[in-house]
Amino acid sequence: MAYKLVTLGGDGTGPEVMREGLRVLSALSKVLDVAWEVEDIPCGGQFYLEHGSRDWPEGAEERCDAADLILLGAVGWPSPTGRARC
């Protein structure tokens, strides 16, 4: 049986954090003999800038509710225009 895992990688450093978190989870899962059905849901400030009305897709709340585990990366964006401030 596989457990349901939802990943919310976010933006900025979020995808990097998520990638490393999944590596740790994978190593631990092998030791514990646990399987995961992974679903990634895009989210965060970058998603909002690209889609304009929500910070994650329609139906994401229900998909998270159905998950056994949710991993959240960094979410946000440094400026309203999407460009980094210097």
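A residue counts as buried under 20% relative accessible area, as exposed over 50%, and as partly exposed in between. Keep that scale in mind, since it comes back several times below. One more thing before we start: what you're looking at is a predicted model.

**The strands**

Let's begin with strand 1, which covers residues 2–8. Strand 1 runs parallel to strand 2 (residues 35–40), and 6 bridges join the two. To find one of those spots, look at Tyr-3: its bridge partner in strand 2 is Trp-36.

Strand 1 also pairs with strand 3 (residues 69–72), again in parallel, this time through 4 bridges. Here you can pick out Thr-7, which stands opposite Leu-71 of strand 3.

**The salt bridges**

The count for this model comes to 4 salt bridges. Here are some of them, with the N to O distance for each:

| Glu-20 | Arg-23 | 3.1 Å |

Glu-20 and Arg-23 take us back to helix 1, where both of them lie, 3 residues apart, or about one turn of the helix. Glu-20 has 38% relative accessibility, so it counts as partly exposed. Arg-23, at 57%, counts as exposed.

Arg-54, Glu-58 and Glu-61 are linked in a network of salt bridges. How accessible are these residues? Arg-54 is partly exposed at 23% relative accessibility, and Glu-61 is partly exposed too, at 31%. Glu-58, at 64%, counts as exposed.

**The cysteines**

How many disulfides does a search of the whole structure find? The search comes back with 0. Cys-43 is in no disulfide, and the nearest cysteine sulfur, that of Cys-64, is 8.3 Å away. Cys-64 is likewise in no disulfide, with the sulfur of Cys-43 as its nearest, 8.3 Å away.

Notes
Residues are numbered from 1 along each chain as its sequence is written. This is a predicted model: local features need pLDDT of at least 70, side-chain atom pairs count only at pLDDT 80 or more; totals for chains, interfaces and linings use all residues. Side-chain values use heavy atoms; hydrogens and water are left out. Two strands pair if DSSP finds at least two bridges between them. A disulfide is a pair of cysteine sulfur atoms within 2.5 Å. A salt bridge is a side-chain nitrogen of Lys or Arg within 4 Å of a carboxyl oxygen of Asp or Glu. Buried means under 20% relative accessible area, exposed over 50%, partly exposed in between (1.4 Å probe, protein chains only).
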